[in-house]
Amino acid sequence: MRLLVIGGSVFLGRAFVEEGLRRGWEVTVFNRGRTQADPDGVQVIRGDRERPEDLARLAAAGPWDAVVDVCGYIPRVVKASVEALAGSAATYLYVSSINARPGWPAEPVDESSPRHECAPDAGPDDGDYGKLKVGCERAVEEGFPGRALIIEPGLIIGPHDLARRLTWWLRRAAQGGRMVAPGAPGREMQLVDARDIAAFGLDRTVAEDAGTYLVSGTPANTTWGEFLGTCVAETGGRAELVWVGDEVLLEHEVAVWTELPLWAPEHGETAAVWRPSSAKAVAAGLRCRPVAESIRDTAAWLFGPGGLDEAFGPDRTGREARPLTPEREQVLLAAADR
């Protein structure tokens, strides 16, 4: 198999590259070479997907059995890539997002749930993240009719994650001491490892599959207690979890999802944040490793040579990262003690 990955140097893109190499495939990456070193063993084509001449040079380097696009955010930019590669690839796998479904996170969603409305040639100012992802999906579906594979992931974890969500919890646990644990220990979560998404996606390209799969992990594959307990265990067991209920967190205006990464109340606009359905993907072969394994591997990468700070610097944060400060944490701990 010949695989082209647009991006391919970080997190989910890197997982696709490494999975392809593990299978013995010939893997090519196309990127600008500005983010991180490419994995060993790949063929590299440098270029900018917004430059027509670079796309033409990329297309001439084909053909490929499959293209994996992990870094498409603007529909008209994705559309240009699709048009350039339509004659050079058998399948175009586009990584979208669960945010393509406007019902989430207030209500459970699956592939039959409504999508946002967005044109396949929309520009960056024509919608928010979720809407623009739908425009990208449409660009791929129209440019590769019957050959488009759309993956809509839920919350992704695993090594090489830049969003500083799981990694934030691991760092906080490593500091030790009394540590705010949001919500309730028995509250169920649903997480998926980037490596499992990659394995599933490449399996579907081999099967010459098409269509859309929501890939969010298996239902209730961990709880907050198990998630944070594993973070503590994998960092030396020096932290003491102090559970702080939703009502206290809301009273102190803790920013949902970001200030305590991944925390969201179990009602209102986030009532179903951990209840999307991956049933279609599971039936098609999605297999998810235990969340504890993902946490362990992420900790090994984070605190090991070449981890997050060495690769990207201590001040580089993900799009959503606005984590709790130590001062705010002390206020919440004091409120929990009352």
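Two strands pair if DSSP finds at least two bridges between them. By that rule, strand β1 (residues 2–6) and β4 pair in the parallel sense, over 4 bridges. This is a predicted model. Its open sheet has 7 strands with parallel pairing.

- From one strand to the next, the twist averages 20°.
- Within the pairing of β1 and β4, V5 stands opposite V68 of β4.
- Strand β6 (residues 148–153) runs parallel to β11, and 5 bridges join them.
- L149 stands opposite G211, a residue of β11.

- The crossing of α1 and α6 is right-handed.
- From α1, the contact draws on F11, L12, A15, F16, E19 and G20.
- From α6, it draws on A194, R195, I197, A198, A199, G201 and L202.
- By class, this contact of α1 with α6 holds 9 nonpolar, 2 polar and 2 charged residues.

**Helices α3 and α4**

- Helix α3 (residues 75–85) and α4 have axes that come within 8 Å and cross at roughly 20°.
- Angles under 35 degrees count as roughly parallel, and α3 and α4 therefore fall in that class.
- The crossing of α3 and α4 is right-handed.
- On the α3 side, the residues are P75, V78, K79 and V82.
- They meet L132, G135, C136, A139, V140 and G143 in α4.
- The residues of this contact of α3 with α4 divide into 7 nonpolar, 2 polar and 1 charged.

**Cis peptide bonds**

- Most peptide bonds are trans.
- The bond from G62 to P63 is cis, with omega near 5°.
- P63 sits in the loop between α2 (52–60) and β4 (64–69).
- W104 and P105 are also joined by a cis peptide bond, with omega about 10°.
- P105 is in the loop between β5 (89–95) and α4 (129–143).

- Most residues other than glycine have a negative phi.
- R164 is not a glycine, but its phi is positive, about 55°.
- R164 belongs to the loop between β7 (155–157) and α5 (166–175).
- Buried means under 20% relative accessible area, and R164, at 11% relative accessibility, therefore counts as buried.
- W257 is not a glycine either, and has a positive phi of about 80°.
- W257 lies in the loop between α8 (246–251) and α9 (279–283).
- W257 counts as buried because its relative accessibility is 15%.

**A163 in the β7–α5 loop**

- A163 has its place in the loop between β7 and α5, where R164 also lies.
- A163 counts as buried because its relative accessibility is 15%.
- A163 and G127 are 36 residues apart along the chain, and their C-alpha atoms are separated by 22 Å.

Terms used
Residues are numbered from 1 along each chain as its sequence is written. This is a predicted model: local features need pLDDT of at least 70, side-chain atom pairs count only at pLDDT 80 or more; totals for chains, interfaces and linings use all residues. Side-chain values use heavy atoms; hydrogens and water are left out. A crossing is left-handed if the near helix is turned anticlockwise from the far one by less than a right angle, and right-handed if clockwise. Helices (H or I, at least four residues) and strands (E, at least two) are DSSP runs, numbered from the N terminus. Contact means heavy atoms within 4.5 Å. Ala, Val, Leu, Ile, Met, Phe, Trp, Tyr, Cys and Pro count as nonpolar, Asp, Glu, Lys and Arg as charged, and the others, Gly among them, as polar. Buried means under 20% relative accessible area, exposed over 50%, partly exposed in between (1.4 Å probe, protein chains only). Axes are lines fitted to C-alpha atoms, for helices over the stretch in contact, and angles run from 0 to 180 degrees between N-to-C directions. Angles under 35 degrees count as roughly parallel, over 145 as roughly antiparallel, 65 to 115 as roughly perpendicular and the rest as oblique.
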